[in-house]
Amino acid sequence: MLFAVGLPAGAFASNGGVSAGGTPASGSGSPSGHASTNSPGGAAPSAGAPVKAPAKKPYTAPVTSHSASLAYSGPVYERTATGQVVPYVSAQASGELKSITGGAAAGQLSEGKPDLLVPGRTARYVGGLAAAPMAAPPGVQKIIWAGNQIVGLPYIWGGGHASFSSPGYDCSGTVSFALHGGRLLSTPEDSSEFESFGSHGVGSWVTIFTNAGHAYMTVAGLRLDTSSADDPSNQQGPRWRPLRPGNPGFSVRHPVGL
């Protein structure tokens with residue numbers, strides 16, 4: 001395997017049409033025989049006035065799902081050490097490519113596990129790793145790529161607390177490592193400390209679920225957790241997993257701005 005890491009309110013009425021209040025436009029509405037331009041709360045804007053578009057609802061990544069499937073068959077890319085984005089070549093395919101050509105697989109790869117990318121704004125599960133959505137902020141992508149670096153390591157109670165570098169990680173150590181990769185945490189925190197981390201509630205991209213006994217996080221639609229709860233794989237240790245149907249019993253926090 002290669003390692004690299006409406007119409008607007010107060011719409012105008014016209015002859016033969018329907019006014020904003022639903023009353024047929026007729027001569028009885030005004031002395032001139034045209035529909036009244038009066039609307040509740042004052043006069044309607046003139047024909048040349050700019051119309052404001054309705055505000056867009058801010059994007060919020062999902063934090064729950066009733067499906068445990070992580071299947072994905074769309075395109076996958078990789079960010080190389082030089083910052084190029086190239087089609088991702090899996091470990092087996094890249095090995096075959098080297099044996100045939102004697103050269104390196106597409107692009108110059110960075111050290112560690114590959115920095116995977118997928119179109120859109122939802123992270124995808126690719127061969128055990130998480131591929132970061134191209135539409136996500138760079139900090140979110142870095143959190144995902146950092147989490148990939150410890151996937152597959154064993155669960156060790158207290159792992160990742162004395163130092164971000166550890167042969168294994170516990171739940172909050174895993175969350176700490178990923179946040180540190182996104183430049184959001186300088187010192188590891190335990191699950192109780194995470195109860196006051198950042199801001200309250202669900203984040204736009206990143207959400208931490210924590211209590212005195214456990215902590216995990218969701219990032220762009222995938223869950224990074226050491227517990228196999230609601231994960232058919234039943235594997236322990238730091239891993240990307242499907243979202244849970246619910247997250248009861250946890251304080252909900254998120255990094256400011258994410």
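In this predicted model, Y77 lies opposite L117 of strand β5. The two strands concerned, β3 and β5, run antiparallel and are joined by three bridges. On its other pairing, β5 (residues 115–118) meets β7 (residues 129–133) in the parallel sense, over two bridges. There, V118 has P133 of β7 as its bridge partner. The two pairings of β5 are set out below.

| Strand pair | Sense | Bridges | Residues paired |
|---|---|---|---|
| β5 and β7 | parallel | two bridges | V118 with P133 |

These pairings belong to an open sheet of five strands, ordered β4-β3-β5-β7-β6, in which the pairing is mixed. Because β4 (85–87) and β6 (124–126) each have a single partner strand, they stand at the edges, and one side of each is left without a neighbour in the sheet. From one strand to the next, the twist averages 45 degrees.

Helix α2 (residues 138–150) packs on this sheet and touches β3 (77–79), β5 and β7. The direction of α2 makes about 170 degrees with that of β7.

The side chains of β5 remain to be described. In a regular strand, side chains alternate between the two faces of the sheet. In β5, D115 and L117 are on one side, and L116 and V118 are on the other. All four of these residues are buried, so that both faces of β5 are covered.

Notes
Residues numbered from 1 in each chain as written. Predicted model: local features only at pLDDT ≥ 70, side-chain atom pairs only at ≥ 80, totals over all residues. Heavy atoms only, no water. Pairing = 2+ DSSP bridges. Helix = DSSP H or I, 4+ residues; strand = E, 2+ residues; numbered from the N terminus. Axes fitted to C-alpha atoms, helices over the stretch in contact; angles between N-to-C directions. Contact = heavy atoms within 4.5 Å. Buried < 20%, exposed > 50% of the residue type's maximum accessible area, 1.4 Å probe, protein only.
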